[in-house]
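Here is a brief report on a two-chain model.

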Amino acid sequence: MDKKAITKVCLLAGKLMLQSGAETYRVEDTMIRIASAYGVLDAQSHVTPTGIMFSMGETEPTNFVRIDKRSTDLYKVTLVNSISRNISSRSLSIEEASNQLKMIEKQIHAYPNYIQILAAALASGCFTIMFQGQWIDFIPALLVGGLGFSAMIYFHHIVEVRFFAEFLASSIIGLFAYFFVYMRIGVELDKIIIGAVMPLVPGLLITNAVRDLMAGHLVSGLSKGAEAFLTAFAIGAGVAVVFLII
Amino acid sequence: MMIEQLITSFIAAAGFAVIFNAPKNALIQCGLVGMLGWLVYTISTINGVDAVVATVAASILIAVLSQLCAKIFKTPIIIFTVSGIIPLVPGGLAYDAMRNFVENDYNMAIQLAAKAFLISGAIALGLVFSEIINQVIRKSRWKKSQVRSN
């Protein structure tokens, strides 16, 4: 079989999964499974959060893909996963697989922005209640959380520096939470801020980092941990700036 | 009191599933997984169990439920675990720690940061633990069937 085509399909599948926030070991596993389904049994793949290396056997050239943008899009992970299942059960030819993967690559997010903002707002309000806040703080947390999340989406579009969007978004959260408490619409500043900040907090990254470390993916674990730490620092600093000014 | 915790944790977990772009037909399951995990966590902490231990227990339950969902709906397990653990993630603690750092209260900050680190370690431990149980069960079954075929 055409080894170039197999490599292309494997790399595309791996790239899509990694960009959509799949675990490191799952990306490696999927690529090797696809390769072995097409008859390449000695494929090797090495995945880090910023790049994928893939080679088949010792004499074939090694291929490399650089990953620049990472987001969390579990719908894409599901789609690629089902394609790799179909490949493993030998019901999908290379051309079909490659076409389907290219279709997935072009797809945009499963939910439009306003639904995501709505979900973030609702989640913020609920987190305030879950952290033993009072119901009077539900509406302020809802508003501030939605505002902070939409600010983050907006700043991600216009600012290239990664952690700056989180910094600005959390300072907006701090500012508006203070405003609501000052206007006596909200009561507990801390609870409102914690609830509103939750959609920005890198909870997934922290947990994935520890998990990667335990699974032996030391490079991925450490780099994800660094990303999580920097994001948390940006959020904390953003809120703190507001406290310092006021 | 308990009911409001259940409802809010359901909405929060499902909301995070939307933020993470989970497939539409998995949203309710994500919410349920998150809700049950949070239920275990709150019941244990109310009864005086340490937060880290409660987190381990809750995340083991979340991982087992997620594995069931992943088997039934033939989707990657990460969809259910990610939105399920979100209520447990020590976001509030991490934020508190950071706030104390920038307010120059390093003693408090280090304490809170250590606790946040321990809790996120506990989440990962719970997730990995159930995976290990799953592997042990599968491998021991495999051995039995091998013995039979011999």
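In α6(A), A:Pro140, A:Ala141, A:Val144, A:Gly145 and A:Gly148 meet A:Ile192, A:Gly195 and A:Ala196 of α8(A). Two residues are in contact here if their C-beta atoms, placed from the backbone, lie within 7 Å. By class, this contact holds 5 nonpolar, 3 polar and no charged residues. Nonpolar covers Ala, Val, Leu, Ile, Met, Phe, Trp, Tyr, Cys and Pro; charged covers Asp, Glu, Lys and Arg; the others, Gly among them, count as polar.

The model is predicted: local features need pLDDT of at least 70, side-chain atom pairs count only at pLDDT 80 or more, and totals for chains, interfaces and linings use all residues. Residues are numbered from 1 along each chain as its sequence is written, while chains are lettered from A and ligands numbered from 1 in the order in which they are written.

**Helix pairs**

Helices (H or I, at least four residues) and strands (E, at least two) are DSSP runs, numbered from the N terminus. Axes are lines fitted to C-alpha atoms, for helices over the stretch in contact, and angles run from 0 to 180 degrees between N-to-C directions.

| Pair | Residues | Axis distance | Angle |
|---|---|---|---|
| α6(A) and α8(A) | 138-158 and 189-197 | 8 Å | about 40 degrees |
| α7(A) and α10(A) | 162-182 and 218-245 | within 7 Å | roughly 35 degrees |

α6(A) and α8(A) are therefore oblique to each other. Oblique is what remains once angles under 35 degrees count as roughly parallel, over 145 as roughly antiparallel and 65 to 115 as roughly perpendicular. α6(A) crosses α8(A) in the right-handed sense. The crossing of α7(A) and α10(A) is right-handed. A crossing is right-handed if the near helix is turned clockwise from the far one by less than a right angle, and left-handed if anticlockwise.

The α7(A) side of its contact with α10(A) includes A:Phe163, A:Phe167, A:Ile173 and A:Tyr178. Among the residues they face as a group in α10(A) are A:Leu230, A:Ile235, A:Val239 and A:Phe243. This contact has 15 nonpolar, 5 polar and 1 charged residues.

**The sheet**

Chain A has 10 helices and 3 strands. The strands form an open antiparallel sheet in the order β1-β2-β3. Strands pair if DSSP finds at least two bridges between them. β1 (43-48) and β3 (63-66) of chain A stand at the edges with a single partner strand each, so one side of each lacks a neighbour in the sheet. Neighbouring strands are turned by 10 degrees against each other on average, direction ignored. β1(A) pairs with β2(A), residues 51-56, over 6 bridges. A:Ala43 has A:Met56 of β2(A) as its bridge partner. Helix α1(A), residues 3-19, packs on this sheet and touches β1, β2 and β3 of chain A. Its direction makes about 155 degrees with that of β2(A).

**Domains and chains**

An automatic or database domain assignment sets the bounds. Chain A is divided into domain 1 (3-106) and domain 2 (113-245). Their C-alpha centres lie 32 Å apart. The contact takes 6 residues from domain 1 and 9 residues from domain 2.

Between the chains, 37 residues of chain B are in contact with 43 residues of chain A. On the chain B side, α1 (2-19), α4 (78-85), α5 (91-102) and α6 (106-149) each supply at least two residues. The largest share, 10 residues, comes from α1(B). That side has 25 nonpolar, 10 polar and 2 charged residues.
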